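Hi everyone, thanks for making time.

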Amino acid sequence: MLTEIDHVAIAVADLEAAIDYYRRTYGVEPVHRERIERDGVEEALLPVGSSFVQLLSPIRSDSPVAKFLASRGEGIHHVGFRVESCAAALEQVKGEGHRVVDESPRPGSRGTTIAFVHPREAFGTLIELVEEPSPALSGS
Ligand code: CO
């Protein structure tokens, strides 16, 4: 069901500083940037093979990422697993009796369809199920 790591999301306080770090240290440039009002975040996607590092910083103090930074500090926030069908993957997780954050699939960044699985039932890791827009984009 999980076809690839879509992205590893890293919560950072200063998005520009983090982008600059990756640019200067690893020679990688963002291929996509987006403000996601619903989640209260701004993201920058850095390509790593066919996956991404997703730098996330809050745009509001009530965003979940702001709360994460306040309680846990900067670091890995969630892992996005690529799936063929977000709806089917979500039904599978729910069918196994596990808690989810999103009861049904919703729009993610760059045209993806996503849903989050609750970390408490996933051994402490926030999991995002990511269905690529078709045909699969490599980040633009
Ligand atoms: Co994500």
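I'll start with the overall layout and then turn to one helix and the core around it.

Quick housekeeping: this is a predicted model, where local features need pLDDT of at least 70, side-chain atom pairs count only at pLDDT 80 or more, and totals for chains, interfaces and linings use all residues. Residues are numbered from 1 along each chain as its sequence is written, and side-chain values use heavy atoms, leaving out hydrogens and water.

So, the chain has three helices and eight strands. Those are DSSP runs numbered from the N terminus: H or I, at least four residues, for helices, and E, at least two, for strands. From the N terminus, the order is β-α-β-β-β-α-β-α-β-β-β.

Now look at helix 3, residues 86-95. Which of its residues are buried? They're Cys86, Ala89, Leu90 and Val93, with buried meaning under 20% relative accessible area (1.4 Å probe, protein chains only). They sit on the same side of helix 3, because they cover an arc of only 100° around the axis, going by the directions from the helix axis to the C-beta atoms. Strand 5 (75-83), strand 7 (113-117) and strand 8 (127-131) are among what covers them.

That brings us to the largest nonpolar core, with 13 residues. By that I mean buried Ala, Val, Leu, Ile, Met, Phe, Trp, Tyr and Cys residues joined through side-chain atoms within 4.5 Å. Helix 3 gives the largest share, four residues. There's also a second, separate core of eleven residues, including Ala18 and Leu46.

Conventions. Buried < 20%, exposed > 50% of the residue type's maximum accessible area, 1.4 Å probe, protein only. Contact = heavy atoms within 4.5 Å.
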